[in-house]
Amino acid sequence: MKKILYILIVFTLFNCEDVIDLKVPTSDPKLVIEASLNWFDGTDGAQQQIKLTLSAPFFDAQVPPANNAIVTVEDNNGNMFQFLEDAETGIYRTSTFIPQINQEYTLTIIYQNQTYVGTEVLTTVTPIDYIEQNNDGGFSGEDIELKAYYTDPANIDNYYFYEFISDIPEIPVLEVYDDQFTDGNQIFAFYSEEDLESGNQVTINNYGISQQFYQFMDILLQQTSDSGGGPFQTQPATVRGNCVNITNPDNFPLGYFRVSQAFQFTYIVE
């Protein structure tokens, strides 16, 4: 009898499922600007791209590109660089950009009769000195950890953006650092990956950034950490970048316009 009762309970549990149509709040699409102009060491920095998309509902599988925009970047010397769209991808490219340290650049985007503008200065950065590997890291004491050491210039406020790309996870690990308590010292950027093994390759990109981008990215990384919620949890406040809509300020864009000197370091895990 108990066995029959148990079977009936299990059968009931698996056959009393209702389909619930969850209504996730939506809003009008906003322009999303991914404009990171990076002057990597050893290149002339002429090849650059800017990606424009539109915000989409949470459950949408596709992110729509923002097509047919007019995209230009101008420096204080009057040089104008036009970015042309590659087919209908929302990716706009130029091969004529002229990078110059401490030069101010202004991004202008005209999209659907509205004009978006952002200004940033090309910020210098110090290269990585060396990599230190620790094989006894993590809670298990068996994870591989990497420390990318660099020397901070003294008596200058510096801000750093690090990107760690390995051949394990699909999404890069991003970190930002300042020199508030480490001015003029040799310090390190930290990377750890649970599944990192000997022979794996880790590409480390470090970018010079402004204080404004540091603050923007620091908040953004906190909001997108593993402790973040989902579509049914109260969402953090929208993090606004340095681009504004001068035609209709209420229809502000998402994203950021950044211009950086950059270095790349490739490390093979021992």
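Biologist: Let's start with the 12-strand open sheet: in what order do its strands run, and which are the edge strands?

Modeller: Bear in mind that this is a predicted model. The order is β11-β10-β13-β15-β1-β2-β5-β4-β3-β6-β7-β14, and the pairing is mixed. Each edge strand pairs on one side only, and the two in question are β11 and β14 (243-245).

Biologist: How much does that sheet twist from one strand to the next?

Modeller: For the open sheet of 12 strands, the figure is an average from each strand to the next. That average is 25 degrees.

Biologist: How do β10 and β11 pair, and how many residues sit between them in the hairpin?

Modeller: Strand β10 covers residues 159-166 and strand β11 covers residues 173-178, and they pair in the antiparallel sense over six bridges. Within that pair, tyrosine 159 stands opposite aspartate 178 in β11. The two strands form a hairpin, and the number of residues between them is six.

Biologist: Which helix lies across β11, and at what angle does it run to that strand?

Modeller: The helix is α2, residues 211-223. Besides β11, it lies across β7, β10 and β15 (254-268). Its angle to β11 is about 135 degrees.

Biologist: Over in the β3 and β4 part of the sheet, which residue of β4 stands opposite glutamate 74?

Modeller: Strand β3 (residues 70-75) runs antiparallel to β4, and four bridges join them. β4 takes in residues 80-85. The residue opposite glutamate 74 is methionine 80.

Biologist: How many bridges join β8 to β9, and what does asparagine 134 stand opposite?

Modeller: Strand β9 is residues 143-151, and it runs antiparallel to β8. The number of bridges joining them is seven. As for asparagine 134, it stands opposite glutamate 145 in β9.

Biologist: Which residue in the turn of the β8 and β9 hairpin has a positive phi?

Modeller: The hairpin has five residues between its strands. The phi in question is about 75 degrees, and the residue in the turn that has it is glycine 138.

Biologist: In the loop between β6 and β7, what is phi of glutamine 112?

Modeller: That loop lies between β6 (104-111) and β7 (114-121). Glutamine 112 counts as exposed, at 61% relative accessibility. Its phi is positive in a residue other than glycine, with a value near 50 degrees.

Biologist: And what about asparagine 155: is it buried or exposed?

Modeller: Asparagine 155 is found in the loop between β9 and β10. Although it is not a glycine, it has a positive phi of about 60 degrees. Its relative accessibility is 73%, so asparagine 155 counts as exposed.

Biologist: Which residues does alanine 154 contact, apart from its neighbours within four places in sequence?

Modeller: Alanine 154 is also placed in the loop between β9 and β10, and it is partly exposed at 44% relative accessible area. Its C-alpha atom is separated by 9.1 Å from that of threonine 182, 28 residues apart along the chain. The contacts are Asp183 and Gly184.

Biologist: Last one: what volume does the second largest pocket have, and which residues are closest to its centre?

Modeller: The volume is about 170 Å³. Of the 14 residues that line this pocket, the closest to the centre are Thr123, Thr124, Ile156, Asp157 and Asn158.

Biologist: How does the lining of that pocket split by class?

Modeller: This lining has nonpolar, polar and charged residues. In that order, the counts are six, seven and one.

Note on methods: Residues are numbered from 1 along each chain as its sequence is written. This is a predicted model: local features need pLDDT of at least 70, side-chain atom pairs count only at pLDDT 80 or more; totals for chains, interfaces and linings use all residues. Side-chain values use heavy atoms; hydrogens and water are left out. On a 1 Å grid over the protein atoms alone, a cavity is a set of points where a 1.4 Å probe fits but cannot get out, and a pocket is an open set with protein on both sides within 12 Å along at least five of seven lines; lining residues have an atom within 4 Å of a point. Grid points are joined across faces, edges and corners, and a volume is the space filled by probe spheres set on the points. Ala, Val, Leu, Ile, Met, Phe, Trp, Tyr, Cys and Pro count as nonpolar, Asp, Glu, Lys and Arg as charged, and the others, Gly among them, as polar. Two strands pair if DSSP finds at least two bridges between them. Buried means under 20% relative accessible area, exposed over 50%, partly exposed in between (1.4 Å probe, protein chains only). Contact means heavy atoms within 4.5 Å. Axes are lines fitted to C-alpha atoms, for helices over the stretch in contact, and angles run from 0 to 180 degrees between N-to-C directions.
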